[in-house]
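Please keep the viewer open as you read.

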Amino acid sequence: MGGSIGGIVTAAYLTKYFKRITIIESDDVLSDTFMKSTPNQLLDYRCRLGGPTSLGRSGVSQMYHLHVLESEGHKILQELFPQLKDKLLNEYDVREYSFKTDCRFMVNGFLLNQDLTEDFPLLGIDRFTLETAMRKELCLQYGNQIEWKCNSRAVQLIVDQSLNIIKGIKYRQKHHVDSSSIDLYGDFIIDCTGRNTSSVKWLKESFNLIVPTMQIHFGLGYVTFIGERFKTGDPSLDSKQIVACSFNSPDNNTGFATTPIREIKTMDENSLGTLSTLLVQCVNYEYPPNDSYENLLEWIKEKLGPECYSVFKSTKVCSPLVSYRRAIDDRKYVEQLGKKWPQNYVLLGDAMCTFNPGYAQGMTHACRQARELGKIFQENCHKLKDISHIFNRRASAISEECWLLSTTNDWKTPTLKIVETDKNGEIKIYQRGDDSAPTKSLQPQESLMLQFMQWYTHWFSLCASKSPQLSTDFYRVMTQHSSPSILMKPTTLLTVFYTAFINYFNLSKK
Ligand SMILES: Cc1cc2nc3c(=O)[nH]c(=O)nc-3n(C[C@H](O)[C@H](O)[C@H](O)COP(=O)(O)OP(=O)(O)OC[C@H]3O[C@@H](n4cnc5c(N)ncnc54)[C@H](O)[C@@H]3O)c2cc1C
């Protein structure tokens with residue numbers, strides 16, 4: 001279920017193990033608009049329209065926002081679709097960039113060191129084009145094995161309660177809401193329907209199974225547009241196609257980023273020669289305006305400082321300003337349910353876990369989970385009935401890594417709200433900073449571990465700003481090449497503790 005990034009990559013991995021794969025997708029993703037448009041027409045849709053809904057692509061409302069595919073995700077796509085990269089480079093005017101030479105990244109208030117000891121490639125492409133090109137490639141390579149049911153919305157599970165198995169799903173055609181649902185049976189069913197998955201509701205209805213969840217609401221807001229960047233006069237900015245500054249709540253609740261999506265031919269020597277996605281973002285509900293570019297620039301000047309202002313001031317806007325205000329961290333602890341979890345059914349990608357998009361983890365997380373599922377089938381020693389349990393354990397370890405990186409600092413948001421549901425269905429809501437409420441809210445409790453992680457992240461970022469090796473390690477984790485544990489190697493721990501100690505010591509002397 002779901003034919004976007006997670007669904008496409010999973011289907012490609014599983015073609016080796018299943019004769020026939022059916023993808024149920026609620027949008028009309030095989031329409032001529034997507035499948036027959038030229039690269040320029042796709043770019044035109046991206047620039048001209050205010051959102052993907054105008055193209056009938058409402059299922060991925062974040063589609064028009066800045067998306068970076070981390071290099072581990074990139075590697076997975078190359079493995080599955082060997083022709084894809086060349087096509088993107090040759091037909092779509094996409095270019096590959098280098099973190100070492102093309103990137104300037106401020107994390108937690110510190111500029112990462114740029115003399116990296118290792119390089120990481122980054123494909124300069126927008127999400128809309130990437131997803132469309134991936135789907136074309138899937139159809140081209142595996143068209144005989146994969147059947148698409150588009151405009152079809154999964155609405156219910158077909159289960160055998162006594163055997164604890166999911167045997168199929170019921171789906172309904174999207175434009176005939178009154179029509180009766182159609183039954184579809186399968187040996188193994190994967191929910192790739194993204195952040196708004198109905199699985200939690202379906203599992204409760206069908207098995208009275210409650211999935212433990214945690215939702216972190218931290219007031220994220222995005223305003224994104226496509227623009228042509230021109231020189232600012234500051235070589236440290238003009239030489240970088242990728243510029244980003246993360247927020248650092250509670251001191252700084254705003255951030256920005258820009259990444260290139262296409263090369264363009266221009267005679268203007270002040271142009272950087274690319275179209276880019278530009279984004280301003282906030283936490284703590286301090287939303288940037290999107291009613292006019294003048295107002296956005298005023299907001300940037302006040303909240304984001306001179307560097308960001310000069311990048312945006314010297315950019316020519318080439319699309320509407322699109323806003324997004326719905327992102328939360330949302331984790332389903334499927335692994336905690338053990339064998340209570342039904343057989344032959346898994347959640348994958350955003351359906352299992354969504355993150356603060358600031359560290360660009362989601363697409364690569366979905367690709368890695370799909371690869372892990374492929375690996376479990378490849379191991380060829382597991383019974384089909386055990387695969388969902390094995391996958392839940394291994395996939396949640398992948399989610400945990402991305403969760404640590406993406407959410408640790410979200411807990412510092414002044415208006416943080418946490419909604420926790422435990423295995424028994426008890427819901428607890430914690431809210432910080434809501435003094436106006438008539439009844440006092442429960443206050444979010446940060447574990448000692450979490451407080452340590454926040455403290456460590458701050459001092460690590462300071463050390464990384466001075467150390468090529470630590471900055472490289474940080475990029476290894478962000479690009480999902482390595483687990484976050486490499487940021488706590490004994491030598492790194494010593495460096496971080498020593499730096500913190502010297503800073504505290506110097507402060508106490510003043
Ligand atoms: C503002 C924003 C910025 C982001 N930036 C980045 C970034 O820079 N890098 C990154 O890696 N990630 C980013 N992400 C996260 C990324 O968008 C997701 O992690 C990624 O799309 C997950 O892919 P998915 O296939 O699991 O789900 P989705 O992409 O959400 O796809 C779900 C699919 O299921 C379909 N569907 C939904 N319901 C049904 C149903 N009932 N029946 C049938 N089909 C259904 C939808 O139409 C859609 O095609 C960002 C997210 C947001 C919100």
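The notes below go from the whole chain to single residues.

This is a predicted model, in which local features need pLDDT of at least 70 and side-chain atom pairs count only at pLDDT 80 or more, while totals for chains, interfaces and linings use all residues. Residues are numbered from 1 along each chain as its sequence is written, and side-chain values use heavy atoms, with hydrogens and water left out.

**Overall shape and surface**

- The protein has 15 helices and 22 strands; these are DSSP runs numbered from the N terminus, with helices being H or I of at least four residues and strands being E of at least two.
- The radius of gyration is 23 Å, which agrees with the value near 24 Å that a compact globule of 510 residues would have; the radius is taken over C-alpha atoms, and the globule rule is 2.2 Å times the number of residues to the power 0.38.
- Along the principal axes, the C-alpha atoms fill a box of roughly 70 × 55 × 50 Å.
- Of the 510 residues, 57% are buried, where buried means under 20% relative accessible area, exposed over 50%, and partly exposed in between (1.4 Å probe, protein chains only).
- The accessible surface comes to about 22000 Å², and carbon and sulfur atoms account for 52% of that; areas come from the Shrake-Rupley method with a 1.4 Å probe, and for residues only the protein chains shown count as cover.
- Among contacts (heavy atoms within 4.5 Å) between residues at least 6 apart in sequence, 73% join residues at least 24 apart.
- The mean positions of the 58 positive and 56 negative charges lie 3 Å apart; Lys and Arg count as positive and Asp and Glu as negative, with His and the chain ends not counted. Each charge is placed at NZ of Lys, CZ of Arg, CG of Asp or CD of Glu.

**Helices H3 and H7**

- Helix H3 (residues 39-48) has Pro39, Leu42, Leu43, Tyr45, Arg46 and Cys47 as its buried residues.
- Those buried residues pack against helix H2 (32-35), helix H5 (84-91), H7, strand E12 (221-230), strand E14 (254-263) and strand E15 (271-282).
- Leu140 belongs to helix H7 (residues 127-142) and counts as exposed because its relative accessibility is 63%.

- Asp330 sits in strand E18 (residues 329-332) and is buried, since its relative accessibility is 9%.
- Leaving aside residues up to four places away in sequence, Asp330 touches Met214, Gln215, Met352, Cys353, Thr354 and Trp403.

**Cysteines**

- The count of disulfides is zero, a disulfide being a pair of cysteine sulfur atoms within 2.5 Å.
- Cys192 is in no disulfide, and the nearest cysteine sulfur, in Cys367, is 11 Å away; Cys192 is buried, at 11% relative accessible area.
- The sulfur of Cys308 is too far from the closest cysteine sulfur for a bond, because Cys245 holds that sulfur at 7.8 Å. Cys308 is buried, with a relative accessible area of 0%.

**Backbone details**

- Most residues other than glycine have a negative phi, and most peptide bonds are trans.
- Ser249 and Pro250 are joined by a cis peptide bond, with omega about 0 degrees; Pro250 lies in the loop between strand E13 (242-245) and E14.
- Asn284, in the loop between E15 and helix H10 (293-313), has a positive phi of about 65 degrees and is buried at 12%.
- Asn344, in the loop between E18 and strand E19 (345-347), has a positive phi of about 65 degrees and is buried at 10%.
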